[in-house]
Amino acid sequence: MRLRLVPQETSFDFFKHARLTFGASIVAVIASLVIWAMVGLNFGIDFLGGTTIRTDSTVQVEVGEYRAALDPLNLGDVVISEVFDPNFADDQHVVTVRIQAQEGAEAVTPEVITAIQTALQEAVDPAMTFPSVESVGPKVSGELIQTAIIAVLASLGAILVYIWLRFEWQFSVGAVAALIHDVILTIGVFSLFQIRFELATVAALLTIVGYSINDTVVIFDRLRENLIKYKQMALRDVMNLSANETLSRTLMTSGTTLIALIALLVLGGDVIRGFVFAIAWGVVVGTYSSIYVAKNVVLMIGVKRDWSKPSDGGGASGTQFANIDA
Amino acid sequence: MLQIPLWNRLFIILTVLVGLSFAMPNFFYGTVERHNDALAEIERTGAETPQQTEDVAAWPGYLPATLVNLGLDLRGGAHLLAEVQVEDVYVQRMDSLWPEVRDALRELRDVVGTIRRVDAEPGLLQVRISQPEGMVSALAAVRELGQPVVSLTGGFGESTLDVSGAGDVITVRLSESEQAATNDRTLQQSIEIVRRRVDEAGTREPTIQRQGADRILIQVPGIGSAQELKELIGTTARLTFHPVVGRASGPDADTDSRQMVLPSVDEGDGYYILEETPVVTGDDLVDSQPGFDQQTGEAIVTFRFNPTGARAFGEYTAANVGAPFAIVLDEEVISAPVIRSAITGGAGQISGNFTVEGSTELAILLRAGALPAEMTFLEERTIGPELGADSVQAGQTAALIAFAAVLIFMVASYGLFGVFASIALILNVGLIFGILSLIGATLTLPGIAGIVLTIGMAVDANVLVFERIREELKTAKGPARAIELGYERALSAIIDANITTFIIATILFVLGSGPVRGFSVTLGIGIVTSVFTAIYVTRLLVVYWFERKRPKKIEV
């Protein structure tokens, strides 16, 4: 017996609730933007500058105690958060202390770090260790934000061009719309739950972009093929057919990827949890968007149906760029 | 029909075998690492301890010994991003130019009158002449001192100096292209010195890279903290010799322009007033060794100058017999002996209450040379080794579970073909490790995430193919034809899907730094190997199976 996520033959009408799904996407995007604007992202030190110290102690954590120890140092904004992870030993208590970049300091100030460590060891636990200390000066953090934005935009641009060359401009608009949808929704979730937004999160965002485009392209590829095969069929029906034909694959791949990511989410340790969460979320959103967003956009713009132009050899995958198929 | 030429089969098998053989040493990480370290150490020192011999013997020499580099977040260590204050060098250049300018203008005394250096902002040399009428010839004389810029990018015929006059003041600064060339040299020199200092500490494979115009990235695995690393490389050990003007009671003593007050190391609260312009600097040092004074038996550091330094030192000491001069190390007067006779050989010694370790350390620092300019640290990270080990452990567990789950899922969905895909997946991970080891890439924590993600996504190509075969089977052209068409028709989707992801990996690599870059490397490699294993390897497996069984009907 074979495991089948979807029946052999499906004929879902993915546009039946187009208004609902597309509307929901638009609402979600707007909601994300609003949350983003109102609440803002919980930027890590990569982007804000400052210092993060991870403490490890056998003493039960009282956040108030930590705060009391650090208050006299006048460090400005201090965020103390306890870290939980199933991998920790029973008497292992881990806390991250985040301190904003110190006023007037262009670079990292080692004195501050030492002062914090001494204060904590004195007040909380003399045997406390500091498994990691990371400091980013304000000068660099500004540049990191800039690089991150450039990276996301460059990826979107590169994909826009690639899809345009390989398919048609309508496809690339649809694909990029879906990608922007995914990125904004992810940012929305990050600001809603105030998950730490770090440099690695940007990598996660780009991975989402990569994954989502992967999904979209497979459907588009089938769409291109079917458009040639069924010259008379309405665009909407061809799209539905293509999505149905690839549905099994779409869910299989999302399924295996999610399985892998969930394993990593649960067992991979707290250090990369935010990063993995972002990707896992993106896989879900990306799968949704390639079915419900990208195609809707393409349907709205419409696609040139006259594929009988010179370069079309009548072959199964003939487009005007078919010859560059590898 | 289903056919793959023999050379093609051989190529596929060979690629897999080579890839796996490079990956294999990673299973014996500790042993191979000790083997490699011992070899490197023997190579470096030329000597061999029994422990090293044992370590070398623990791994057979004929086997590949390539390892994946573990990143700081997995191994623990320190990361620093330093910015080199390149402008510091302009100041030094102007200071050392002053005597030349003075001498050149002195020859024109009739025309320009008396000359005096005036205080100016850092990086500028300003000289006032008492007869502004002589400005034109003064400028010409100073311009003579400039040389054509030596650099690949500098404009042809451009001088190193930018000389201008206004009223009775001559202003000299480094020309723009010379500044660029100087920055370049400063940075290269800084990197070289940082490397030497880090190497002296004997840690494993530090990464020391230039970043942008004036930054250096330093990553040292296995070091206790960023603070320790800073102390190791941040010690300037700038050695200079200055004429002594007099003594002072405190740091705020009155001085003339171009003089400075520095504390004395030996005499608690003693201070010296010195000429700011040094006679000789540590730049002219060619060697420095720890030693013992033959009379007193105390630890000393001996030094030797290059010819330029020796000449300057000789001339100065000859002209100032009986006067004290100060040996200054990092803005502190180590000692201020009186010159008894001209020191012409260019060799001397520094004494000053050193311990044996102290003199050894100072000699090393002097030998490594002074950092040409100060460095400020923009970013520093310390990752403890336990945290790294925990992360590796967690990553491994997660990867294994993910792996097993995906395999079960694939076999349950595609039966025998799922088994083929699973074999391909295992080979895929092997190949990723093989390539990572081969190119010496660094595996970071996000890198492990990248591999896990690839495990999930690697099956995508196979899923595409298998789903396609299923579809082709419906049109009943016979199993062989269906398989062939399945591979053929799925190809365009596979290629498109992977190229787009590859584009992202490339952008991440170019723009990312640190862990992000590590992630992009594994993602990029994973894409390439997964396409290879999913298309070629599974196909080969399917073909071998098909050739043996010749099934009339297949189920995918």
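## Strand pairing in a predicted model

Two strands count as paired if DSSP finds at least two bridges between them. This is a predicted model. In chain B, strand β2 (residues 77-84) and β8(B) are joined by seven bridges and run antiparallel. One contact in this pair can be named: B:Leu80 has B:Ile218 of β8(B) as its bridge partner.

Strand β8 (residues 215-221) of chain B also pairs with strand β7 (residues 207-211) of chain B, through five bridges. These two strands run antiparallel as well. B:Gln211 has B:Arg215 in β8(B) as its bridge partner. Three residues separate β7(B) and β8(B), which form a hairpin. In the turn, B:Gly212 has a positive phi of about 65°.

In general, strands of a sheet pair through backbone hydrogen bonds, either parallel or antiparallel.

## Salt bridges between and within chains

Over all chains, the count comes to 30 salt bridges. One of them links the side chains of B:Arg381 and A:Asp46, at 2.9 Å from N to O. B:Arg381 lies in strand β18 (residues 375-383) of chain B, and A:Asp46 in helix α2 (residues 45-48) of chain A, so the pair joins two chains. B:Arg381 and A:Asp46 are both buried.

B:Arg381 has another salt bridge, to the side chain of B:Glu379, at 3.1 Å from N to O. Both B:Arg381 and B:Glu379 are buried. Through shared partners, salt bridges join A:Asp46, A:Glu134, B:Glu379 and B:Arg381 into one network.

## A link along chain B

The side chains of B:Arg9 and B:Glu547 also meet in a salt bridge, at 2.7 Å from N to O. B:Arg9 lies in helix α1 (residues 6-23) of chain B, and B:Glu547 in helix α15 (residues 515-549) of chain B, so the pair ties together parts that are 538 residues apart in sequence.

How does burial compare for the two partners? B:Arg9 has 10% relative accessibility, so B:Arg9 counts as buried. B:Glu547 is partly exposed, with a relative accessible area of 33%.

## Helix α6 of chain A

Helix α6 (residues 169-192) of chain A has 24 residues. From its first C-alpha to its last, α6(A) reaches 34 Å, close to the 34 Å expected at 1.5 Å a residue. The helix is mostly covered, with 19 of its 24 residues buried. Just after α6(A), A:Gln194 takes a positive phi of about 55°.

## A nonpolar surface patch

Which residues form the nonpolar patch on the surface? They are A:Leu160, A:Val161, A:Trp164, A:Leu165, A:Trp169, A:Val173, A:Met300 and A:Ile301. Together they have about 740 Å² of accessible area. The elements that give two or more residues to the patch are α5 (138-166), α6 and α10 (294-301) of chain A. α5(A) gives the most, with four residues.

A:Trp169 lies in helix α6 of chain A. At 43% relative accessibility, A:Trp169 counts as partly exposed.

How values were computed: Residues numbered from 1 in each chain as written. Chains lettered and ligands numbered in written order. Predicted model: local features only at pLDDT ≥ 70, side-chain atom pairs only at ≥ 80, totals over all residues. Heavy atoms only, no water. Salt bridge = Lys/Arg side-chain N within 4 Å of Asp/Glu carboxyl O. Buried < 20%, exposed > 50% of the residue type's maximum accessible area, 1.4 Å probe, protein only. Expected span 1.5 Å × (residues − 1). Patch = residues over 30% accessible without salt bridge, like charges linked within 9 Å, V, L, I, M, F, W, Y side chains within 5 Å. Areas by Shrake-Rupley, 256 points an atom, 1.4 Å probe, with all protein chains shown as cover.
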